[in-house]
Amino acid sequence: MSRSDVDVVVVGAGFAGLYLLHELRENGFSSRVLETGDDVGGTWYWNRYPGARCDISTTDYQFTWDPELHDEWSWSEKHATQPEILRYAQHVARKHDLYSGIDFETRVVGAVWSDESRKWTITTSKGENITCRHYVMATGCLSMPKEPDIPGTDRYKGPVYVTGRWPHDGVDFTGQRVAVIGTGSSAIQSIPLIAEQAAELVVFQRTPNFSVPAHNGPQPADRVARLREDRGAYEAEARLSTSGVPIQPSTTSALAVAPDTAREMLETAWQRGELLALGATFMDVGISRPANEVVSDFIRSKIASIVKDPKTAELLSPRGYPFGTKRPCMDTNYYQTFNLPHVRLVDLNTDPIRSITETGIDFGSESREFDAIVYATGFDAMTGAIVAVDIEGRDGMTLKKKWANGPLTYLGLTSVGFPNLFMITGPGSPSVLSNMMVSIEQHVEWIRDTLVSMREEGFETIEPTPRAEEGWRAHCEDCASITLFQDTNSWYMGANVPGKPRVLFPYIGGVGRYRKICDEVTARGFLGFELTGSVATRCNDGVVREIQPDVESVLEMMATLGLPPIEAMSPVEARAFSEASSAVRPPGPAVGEMIDGSLPGEAGPLEYRLYRPASGGPHPVVVYFHGGGWVFGSHVSDDPLCRDLCVQADVAIVSVNYRHAPEDRFPAAALDGYAALRWVAANAASLGFDPARIAVAGWSAGGNVAAVAAQMARDNGGPELRGQLLLTPVTDGSRQHQSHTDNADGYILTKSLMEWFWNHYADPADRSNPLASPLLAPDLSGLPPAMVVTAQYDPLRDEGDAYAEALSAAGVHVEHLRAKGHTHTSITMVDMLPSSVPPRRAMASALRRFFG
Ligand code: FAD
Ligand code: NAP
């Protein structure tokens with residue numbers, strides 16, 4: 001084998017590089033691993049500051065790929081120290097003869113792709129050029145310390161220490177006056193130990209962090225027991241978990257328990273000494289600000305109880321950003337350290353650093369001399385080490401340039417224009433939002449399997465398609481936008497490095513979901529990739545995930561319940577089932593007033609519920625028709641949605657219980673809908689509504705009733721309507737649409753359930769009647785302005801789309817919202833699905849516009 005031409009060049013000899021080297025060798029690929037440092041370990045080689053430890057328990061922060069390691073290596077502590085973790089990396093490297101495959105003290109400076117040779121040429125700091133078919137950046141997410149961005153850093157004449165580049169033989173601060181700048185994880189771990197030695201310690205804090213106590217000691221007994229009992233099951237659970245640590249996800253909202261109970265639950269989590277325990281106590285800490293405040297308040301109360309000086313305690317208390325949106329820290333005696341007389345906290349918001357000087361620091365109105373300055377100012381995370389190498393892909397494009405506005409990747413593993421380039425734990429993968437051992441192993445194995453598969457099939461290059469990459473960007477954004485992360489100035493968002501683009505760099509959809517997606521990409525013939533070789537080219541273009549992540553979670557959860565299909569039930573059973581399901585959902589926002597009453601329908605009284613806003617009237621009124629396929633549902637069955645629309649649009653809603661099939665078949669529902677509309681219009685003033693501002697709305701079959709009522713009002717002399725809001729409406733029962741097939745199954749409303757509804761409601765001959773299928777009305781002109789909302793994963797999608805288009809073609813003003821990634825039911829799930837908020841907000845805005 002020539003050393004200057006290999007199958008794979010790997011950059012970095014941290015845990016990622018080590019495991020990849022092992023797997024490449026096992027699978028017969030020639031390789032070179034190039035590493036700047038003079039030993040293995042990566043993070044654990046460089047970060048030798050006092051107190052450096054892992055903050056994920058060693059039961060979980062270790063390799064799983066070599067089962068023998070579990071017997072031959074035992075961790076001395078739950079949160080092992082840096083030297084012990086480094087020894088572990090060295091042990092693994094020695095055991096598997098990995099040192100022989102690594103070039104140390106060799107920095108990669110450039111990489112250029114050639115379309116002609118279909119190879120990369122890698123250039124090193126030693127001036128060597130190495131060609132390779134595949135090029136893997138295992139360069140670490142937190143390996144590039146942030147450039148100093150404080151004025152005067154180069155003026156200081158005394159010793160300067162950077163936590164991420166700590167001297168190998170340690171530092172003795174005994175008797176010294178020390179400044180520590182930064183209060184992130186590295187600072188929080190090192191400050192208590194530096195304080196033990198220093199004569200005087202000043203901590204410069206820009207943003208206080210949430211920190212939880214490590215309660216270090218032996219590995220957690222319950223985890224050790226589970227591992228002993230069934231290691232395979234434990235590790236499998238970790239791989240499919242949200243964060244790479246097997247923790248049972250909470251199903252409890254922080255807002256659903258009494259404050260005392262919440263505090264007790266959080267106290268238990270606090271005592272566990274596990275980084276993820278507090279955030280995992282409640283299901284909504286990451287997505288709901290009020291729920292997050294319950295946890296944030298708890299931690300602040302802990303800080304107040306530990307730190308004796310109330311002013312210092314308050315300065316150390318994070319406010320203004322949600323817990324977890326900056327990486328939480330784990331400490332041993334951090335807050336207690338501020339009770340020591342020689343330790344002082346400086347708030348940089350009130351006393352900013354004016355300049356580092358030759359002898360110390362000028363801040364606020366003070367000038368202080370220091371014997372040493374410690375920069376614990378963090379990293380150019382996720383992308384820093386990648387773009388530090390001049391990586392030039394196809395057509396001279398560099399990765400740095402391509403990523404100027406934020407990293408674009410497919411799966412965080414690959415990037416368009418850079419064939420055969422792989423990144424381990426790259427931006428767009430769970431990486432730093434996970435136990436990174438789990439994420440590293442998954443990436444290494446995916447890359448290994450991909451290279452093996454390419455070799456077997458005779459492919460030489462692999463590159464994602466622009467569509468797949470854009471789809472992944474959108475999916476990452478969908479995941480991020482339902483969380484609280486995007487508003488916080490964190491390194492997750494690139495906010496710590498001046499000029500860095502503001503996007504959520506890691507993928508926040510969870511380790512388990514991510515793994516399933518990567519596996520799916522492979523199983524679907526490398527979906528979203530183009531593969532080329534001398535014999536064949538294959539491009540399987542597509543987007544791997546478009547469904548909203550929270551919608552997908554609900555569908556997955558429902559799938560585990562093994563619920564019987566509704567169409568296997570009788571209508572009576574289906575109604576009972578529907579009522580039971582409604583009983584366990586969140587109620588929706590409080591409205592000013594709710595009144596139940598009855599109104600005259602076409603063939604007798606119909607129940608209704610009136611929702612009135614708290615604001616002063618008279619309000620415009622929306623006559624609302626519920627979903628339920630004309631078979632089940634009632635005037636109260638869409639309660640959360642009605643409340644939400646009432647509050648958000650500031651309109652009154654009258655929700656009507658029209659007659660149901662099969663007892664009352666077509667056209668009973670349609671006639672009742674119109675009768676209810678007429679009654680509301682006739683009694684608008686006495687009910688406290690504005691008679692000149694009436695609209696109809698409905699969801700699903702109710703959308704059908706609303707559309708039909710609007711047509712009947714036009715054709716039968718009123719009432720005059722200001723608008724019609726149709727949410728995933730049934731508009732055409734006469735024929736099959738493509739979406740009936742595309743979304744036949746798996747999205748709650750199925751094709752067969754829709755057929756069951758129609759069979760109960762209308763004879764086939766009646767389904768072409770415009771009173772059943774409003775899309776088939778011979779003339780759609782003269783109808784009130786419409787908002788039609790359709791959902792991507794709804795069998796009814798194309799019917800709704802067709803109605804919106806037909807209305808528009810007939811001259812009706814139409815707002816048409818195609819809700820990406822939603823299902824027939826998801827938009828109605830108030831307070832359950834954050835992704836359903838924007839479409840409902842758009843619906844409320846449409847109602848406001850109808851009414852001027
Ligand atoms: P790294 O360990 O960062 O290794 C990358 C290697 O690439 C480095 O050795 C670097 O020198 C080399 N390199 C980079 N660029 C080049 C180049 N151009 N040429 C040659 N070599 C190059 N994660 C957890 O899950 N749990 C924890 O408790 C935890 N604690 C952490 C504590 C600290 C102080 C830090 C900084 C990070 C911590 N992390 C933790 C994240 C940690 O980075 C990962 O867990 C893991 O060690 C990363 O391994 P890696 O091999 O991907 O990258
Ligand atoms: P960090 O979390 O980014 O913290 C850097 C600190 O320096 C922050 O307090 C930051 O303030 C401050 N800072 C940065 N620039 C500054 C400036 N110009 N002036 C004043 N203050 C400035 O970095 P880190 O502590 O090295 O940790 C990085 C990540 O590594 C962690 O989040 C974690 O993932 C990992 N890590 C883990 C452990 C562990 O316990 N296992 C330990 C260390 C690191 P702002 O917050 O205002 O930006």
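Mentor: The model is predicted, so local features need pLDDT of at least 70 and side-chain atom pairs 80 or more, whereas totals for chains, interfaces and linings use all residues. Residues are numbered from 1 along each chain as written, chains are lettered from A and ligands numbered from 1 in written order, and side-chain values use heavy atoms, without hydrogens and water.

Trainee: How much of the area of ligand 1 does the protein bury?

Mentor: Accessible area is computed by the Shrake-Rupley method with a 1.4 Å probe. Taken alone, ligand 1 exposes 980 Å². Of that area, the protein buries 94%.

Trainee: Which element gives the largest share of the shell around ligand 1?

Mentor: Helices are DSSP runs (H or I, at least four residues) numbered from the N terminus. Two or more shell residues come from each of α1 (15-26), α2 (43-46) and α14 (436-457). The largest share, three residues, comes from α2.

Trainee: How many residues of the shell around ligand 1 are nonpolar?

Mentor: The ligand is surrounded by 33 residues (a heavy atom within 4 Å), and the closest are Glu-35, Thr-43, Asp-55, Tyr-61 and Met-436. Three of the shell residues are charged and 13 are polar. The nonpolar residues (Ala, Val, Leu, Ile, Met, Phe, Trp, Tyr, Cys and Pro) number 17.
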